[in-house]
Amino acid sequence: MDVNGKSSQEMENIRVMQQMELISNHAERSNEIRMKIQSDIDSFNVLYSEYSKCTQRLQNAKSQRTNSISDLPEISPEIECKLIQEKELHKEQLKAKSLSLNNSICVYINKLNELTNLISPVQNYIIDNSLIQWKRQQQLAGNGYKYMKDIDVIQTWCEKLCDLIWITRSQIKEADRFRVNLSRYFELPKSCEIINTLLNMTTQYLSSLVTSTFVIVTQPPQVLKTNTRFLAEVRLLIGGKLNIHKTSPLVKVSIVNESQVNQIIRRNKPYGESCGELFNCIGKMEYHPVRRHFSTNFRSMQLKKIKRTEKKGTDSVMDEKFSILFSSTFFIGNELQFEVWNLSLPVVVIVHGNQDPHAWATVIWDNAFAKLGRVPFNVPDKVPWKNVAETINMKFSAATGRGLSEDSLIFLAEKAFRMKNVDFNQMIISWSQFCKEPLPQRSFTFWEWFYSVMKLTKEHLKGPWTDGAIMGFIRKSDAEEILTRYATGTFLLRFSDSELGGLTVAWTASNDVFSLQPFSAKDLSIRNLADRLLDLPYLTKLYPNIDKDLAFGKYYTQSSDNSTPVTNNGYVKPLLVTHVPGWSGSSTNGQGMNSYPNTPQDYMFHENSLGNYSAKEASVYSEPDNNITAFGNYSLEMDFSSSLNDMPQLDGAFF
C-alpha cells in the first residue's frame with residue numbers, strides 16, 4: 001500500500017491508464033491536424049478547379065484564333081486578359097496552398113511518428129512486463145501462489161491499446177491517402193517511405209498484441225492422468241475489438257513433447273505436431289458481452305494415448321514433461337490474418353495414482369525454478385535450499401491452510417540434507433536429493449515423505465493443523481525431551497519419521513514418554529483425529545498446556561440418539577473406538593494402566609524392551625482383550641445393552 005491506501009496493482013493501473021490517456025490525447029491532436037488538412041485539401045481542390053476552368057477557357061480562345069471553322073463565340077481581348085489575370089492569381093494561390101499543405105502533411109506525419117513511438121513503450125510494458133508477470137504468477141499458482149494480477153485488468157489495458165493502435169493505423173492510412181491525392185499536383189519528398197514505415201510498425205504492434213493476448217486463462221492440470229477428463233480455457237483478450245468476435249474462429253488442441261515444443265518455438269509456428277491422442281479437442285470461440293470474454297472452454301478433454309520418448313539413465317516417466325498446444329487463426333477485416341498459438345505450462349502424464357508424488361515433484365520443481373526465456377523444458381539441477389524452503393512452504397500453506405514455521409523448515413532441511421546444526425540457507429540442494437535418493441534407512445525419498453504428510457494434513461487434519469494444534473515437524477527424540485518436562489497427560493502430535501503419511505501421538509506419564517503407532521490416512525478416514533483423542537482419556541493437555549477439549553472439541557463427532565440402536569435395515573450400528581491395550585482412563589498409579597484382568601503388562605513396550613528400534617512405543621498391534629476385536633490401531637466395541645438388557649454389559653462407550 002502507498003500513503004494513499006492504494007495497492008500496488010491499483011497504482012500500476014493508474015500509471016498505465018495515464019499513459020493511455022496521454023496517447024489518446026496525442027491521437028486527438030493529430031486527428032485535428034488531419035481534419036484541418038482535409039479541409040485545406042477540399043479548398044485546394046476548389047481552387048484548382050477554378051484554375052483549370054480559366055486554363056481551359058484560355059486554351060479555347062487560343063484555339064479559336066487558329067481555327068476559323070470553330071463554332072465557339074470569339075472571346076474578346078479584354079475577357080482573355082481578365083482570364084489570364086485570374087489564372088495567374090489562382091496559380092499563386094495554388095502555390096501558396098501547396099506549400100501550406102506540404103508543411104501541414106509533414107507536421108501530421110511527424111505527429112503520427114510521435115504517436116506511434118508513444119505506443120511502443122506502453123505495449124512493451126503490457127506484453128513484456130505485466131502479461132509475462134501474470135503468466136509467471138500463473139505458473140507459481142501451481143505451487144500455491146495466491147496473489148495474481150487480475151487478467152481482466154490487463155484485458156482492459158489491451159483493449160484500450162488495441163483501439164489506440166487501430167486509430168493510429170487509420171490516421172496513417174489517411175496520411176497515405178493525402179499523399180496519393182496530392183501527388184498529382186506536387187511532390188511530397190520522402191513522405192511515402194515514412195508513411196510505409198509507420199504503417200508497418202502499427203501492423204507489427206497489432207500483430208504482437210493479437211498473438212500475445214491469446215492466453216490460457218485456465219491451465220490444464222499439470223499432472224495429467226490418461227483417460228481422465230480435464231478442463232482448460234483460452235481467451236483472446238482483444239477479442240471484443242475490431243469485430244474479431246464476429247468470425248467465431250476454431251481453436252485446436254494437441255499434446256506435444258519437449259522436442260516438438262522446441263521446434264514450434266524455433267520457427268514460431270506449429271505444423272500440426274502431436275505425440276498423443278486427445279478427445280474433445282476442438283472448440284469454437286464465443287463472445288460473452290457481459291464479461292467481455294472472447295473465449296473457448298474445453299470442459300471434457302481427455303488424453304487417451306501418449307507416445308513417450310526413450311528414457312535416459314535414471315529418468316522415469318514422471319520426469320518427462322509435455323505441453324498442451326492451443327492454436328487458431330483470426331481475421332481482422334479483409335486485409336489482416338493472424339495465426340496464433342500458445343503452450344500450456346509443462347505437464348507430466350501418469351497412468352496410475354501411485355505416480356502422483358514423483359509427478360508433482362517434477363511439476364513443482366519446474367514451476368518454481370524455470371527461468372524466463374529458457375530452452376523448454378530446461379530447469380536447474382541444483383538450487384539454493386532457501387528457494388526450495390520457500391517453494392514447499394508455499395505449497396504446504398496452499399494445501400493445508402497454514403504455512404511452515406522456521407523450526408519446521410529447519411527440521412525439513414535436516415531431513416533433506418541428512419545432517420544437523422548447519423546454516424542451511426547457504427546450502428545447495430540437488431534434484432536427486434529432493435526426490436530421487438532414499439532417506440537413510442528408509443525406502444522413500446524426502447519428497448515422498450513430505451508429499452504424504454501434506455496429503456494426510458490436507459485430507460484429514462486441515463482444521464487442527466490450521467488451528468496450530470499439530471506440531472507435526474519434530475523428531476521423536478526432541479518430542480520426548482520436551483514432554484519429560486511437563487505433567488502427566490500432556491501430549492503433542494507429530495508426523496511419523498518411519499512411515500509415509502503417519503501421525504503419531506506422544507504423551508507423558510510418570511516422567512516417561514510414550515508414542516502411539518502412527519495413524520494413517522485410512523485410520524483417520526474411519527475415525528477422525530479429534531474423536532480418537534477423545535477416546536483416550538489419559539491424554540488431557542495439548543502441549544504446552546491447552547485443555548484437550550478446548551483444542552479439539554469443535555471437531556468431535558456429535559453423538560446420535562442412543563435410544564434407537566437398531567437402524568432401519570434391522571442392523572445394530574456399532575461404534576468404533578480407539579483403544580490402547582494396557583491403557584484405559586486415569587488411575588492412581590499415575591500411568592493410567594488398564595484394569596482389564598487379562599491385559600498383561602508387556603502390552604506396553606518400555607524403553608529398554610526393544611533396544612533402539614521402538615523405545616517407549618505403545619503399540620496397539622498386540623493381542624486383543626476378551627470381547628474386543630482388534631483392527632490395527634483401533635478397536636471395535638459394541639454395546640447392545642441399551643436395547644437388549646438380557647445381554648451381558650461390555651465396557652466402553654457405544655451406540
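Contact here means heavy atoms within 4.5 Å. With that in hand, let's work through some exercises on this predicted model.

**Exercise 1. Which elements do the buried residues of helix 8 pack against?**

Step 1: Start with the helix itself. Helix 8 covers residues 406-417, and 9 of its 12 residues are buried.

Step 2: List the covered positions. They are S408, L409, F411, L412, A413, E414, K415, A416 and F417.

Step 3: Look for their partners. These buried residues pack against helix 7, strand 13 (428-430), helix 9 (431-435) and helix 10 (446-460).

Step 4: Check the end of the helix. Just after helix 8, R418 has a positive phi of about 60 degrees.

**Exercise 2. Describe how helix 7 packs on helix 8.**

Step 1: Recall what is needed. Two packed helices are described by the angle between their axes and the distance between the axes.

Step 2: Read off both values. Helix 7 (residues 385-400) packs against helix 8 at an angle of about 120 degrees, and the axes are 11 Å apart.

Step 3: Name the arrangement. Angles of 65 to 115 degrees count as roughly perpendicular and those over 145 as roughly antiparallel, so with its angle of about 120 degrees helix 7 is oblique to helix 8.

Step 4: The crossing of helix 7 past helix 8 is right-handed.

Step 5: Identify the residues. From helix 7 come W385, A389, I392 and N393, which meet L409, L412, A413, A416 and F417 of helix 8. By class, this contact has 8 nonpolar residues, 1 polar residue and no charged ones.

**Exercise 3. How far does helix 4 reach from its first C-alpha to its last, and what does it pack against?**

Step 1: Compare the span with expectation. Helix 4 (residues 191-212) has 22 residues and reaches 31 Å, close to the 32 Å expected at 1.5 Å a residue.

Step 2: Find its buried residues. Among them are I195, L198, L199, Y205 and L209.

Step 3: Trace the neighbours. The buried residues of helix 4 pack against several elements, including helix 2 (77-141), helix 3 (151-182) and strand 1 (214-218).

**Exercise 4. Is S191 buried or exposed?**

Step 1: S191 lies in helix 4.

Step 2: Apply the cut-off. Buried means under 20% relative accessible area, and S191 has 4%, so S191 is buried.

Step 3: Look at its surroundings. Not counting residues up to four places away in sequence, S191 touches I109 and R179. S191 and C106 are 85 residues apart in sequence, yet 7.7 Å apart in space, C-alpha to C-alpha.

Methods: Residues are numbered from 1 along each chain as its sequence is written. This is a predicted model: local features need pLDDT of at least 70, side-chain atom pairs count only at pLDDT 80 or more; totals for chains, interfaces and linings use all residues. Side-chain values use heavy atoms; hydrogens and water are left out. Axes are lines fitted to C-alpha atoms, for helices over the stretch in contact, and angles run from 0 to 180 degrees between N-to-C directions. Helices (H or I, at least four residues) and strands (E, at least two) are DSSP runs, numbered from the N terminus. Angles under 35 degrees count as roughly parallel, over 145 as roughly antiparallel, 65 to 115 as roughly perpendicular and the rest as oblique. A crossing is left-handed if the near helix is turned anticlockwise from the far one by less than a right angle, and right-handed if clockwise. Ala, Val, Leu, Ile, Met, Phe, Trp, Tyr, Cys and Pro count as nonpolar, Asp, Glu, Lys and Arg as charged, and the others, Gly among them, as polar. Buried means under 20% relative accessible area, exposed over 50%, partly exposed in between (1.4 Å probe, protein chains only). The expected span of a helix is 1.5 Å times one less than its number of residues.
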